[in-house]
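Here is my note on the model, point by point. Please read it with the structure open.

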Amino acid sequence: MSEQRFGEFVLVRRHGKVAEFVLDRPQAMNAVSAEMARSIVAACAALGADPDARVVVLTSSHERAFCVGADLKERNAMSDAELLRSRPLSRGAYTGVLELPMPTIAAVHGYALGGGFELALSCDVIVADGTAVVGLPEVSVGVIPGGGGTQLLPRRVGAARAAELVFSARRVEAAEARALGLVDELVEAGRDREAALELAARMAANSPVGLRAAKRALRLGHGLDLRTGLEVEDAAWRTVAFSGDRAEGVAAFNEKRRPEWPGE
């Protein structure tokens, strides 16, 4: 297993074709400072350009938190001008995760609040353990979810439920979060990382070309009318139909063997 550090606060571990993206600022419960945002942006840029990374799992090095959101101590010391200048960087951290081209899984335990929950929402699948507490409490400190929360949450749970959660700023514990669809899989306490890595390994056994094309179709087609969505799907199908992965997958099926994906 190899490791690579991006700045001070992000570590990427390789588990074969799975990349584990570790939020690693435990002294601040992974609060997203400007420096941590830079680390996230850099790690996303590297992973997005890496054809060997088939699936990414977003985890935390802190025992009691996934991520508690923006670093409000740092924000409190900023002038209005500094806050405005910092916005593209902070926004880039969240869109960096959101726009990763391969499937992404968040492994959540403990607190995933504000920007921390938005990082999880930016992933395709959220696996949480029984200690998870999620929410978007930004209006309680005079702001709004600014890392994609107002757009990603209603896509998961519908407009009215998202409005209730955002406007009330309430925290939601694991069982209710699973019932509401705020997380996708609920596992025993302490098993979120293990379960997410197991799921990622199952995904990573499939065609990397197929995985990325399927993600494009799912993401770009969401919210479109059916006819337009089917055109998006057809465009994605055309990118895989004549690929080496498609040829290898069909050959392996007929020869009753495991495919050896060329990834092109």
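1. Helices (H or I, at least four residues) and strands (E, at least two) are taken as DSSP runs, numbered from the N terminus. The model is predicted: local features need pLDDT of at least 70, side-chain atom pairs count only at pLDDT 80 or more, and totals for chains, interfaces and linings use all residues. Residues are numbered from 1 along each chain as its sequence is written, and side-chain values use heavy atoms, with hydrogens and water left out.

2. Start with the loop between β3 and α1 (34-48), where Met29 lies. Met29 has phi near 55°, a positive value in a residue other than glycine. Asn30 sits in the loop between β3 and α1 too. Its phi is also positive, at about 65°, although Asn30 is not a glycine.

3. Met29 has a relative accessible area of 22%, so it is partly exposed. Asn30 has 0% and therefore counts as buried.

4. Now the seven-stranded sheet. Strands count as paired if DSSP finds at least two bridges between them. In general, strands of a sheet pair through backbone hydrogen bonds, either parallel or antiparallel. Here the sheet is open, its pairing is mixed, and the order is β1-β2-β3-β4-β6-β8-β11. The edges are β1 (3-6) and β11 (185-187); each has a single partner strand, so one side of each lacks a neighbour in the sheet. From one strand to the next, the twist averages 20°. Angles run from 0 to 180 degrees between N-to-C directions, with axes as lines fitted to C-alpha atoms, for helices over the stretch in contact.

5. Strand β3 (residues 18-23) runs parallel to β4, with six bridges. Val22 has Thr59 in β4 as its bridge partner. Strand β8 (residues 125-129) pairs with β11 in the parallel sense over three bridges. Ala128 is opposite Leu186 in β11.

6. How many residues of strand β4 (residues 55-60) are buried? Six of the six are, so β4 is largely enclosed by the rest of the structure. Val55, Val57 and Thr59 point one way, while Val56, Leu58 and Ser60 point the other way; all are buried.

7. Strand β9 (residues 133-135) and β10 run antiparallel and are joined by two bridges. Val133 has Glu173 in β10 as its bridge partner.

8. One aromatic pair turns up in a search of the whole structure. Its members are Trp237 and Phe242, with ring centres 6.3 Å apart and planes at 70°, so the pair is edge-to-face. The test uses rings of Phe, Tyr and Trp (its six-membered ring) with centres within 6.5 Å; planes under 30 degrees apart are stacked, over 60 edge-to-face, and the rest tilted. Trp237 is partly exposed, at 48% relative accessibility. Phe242 is exposed, at 70% relative accessible area.

Conventions. Buried < 20%, exposed > 50% of the residue type's maximum accessible area, 1.4 Å probe, protein only.
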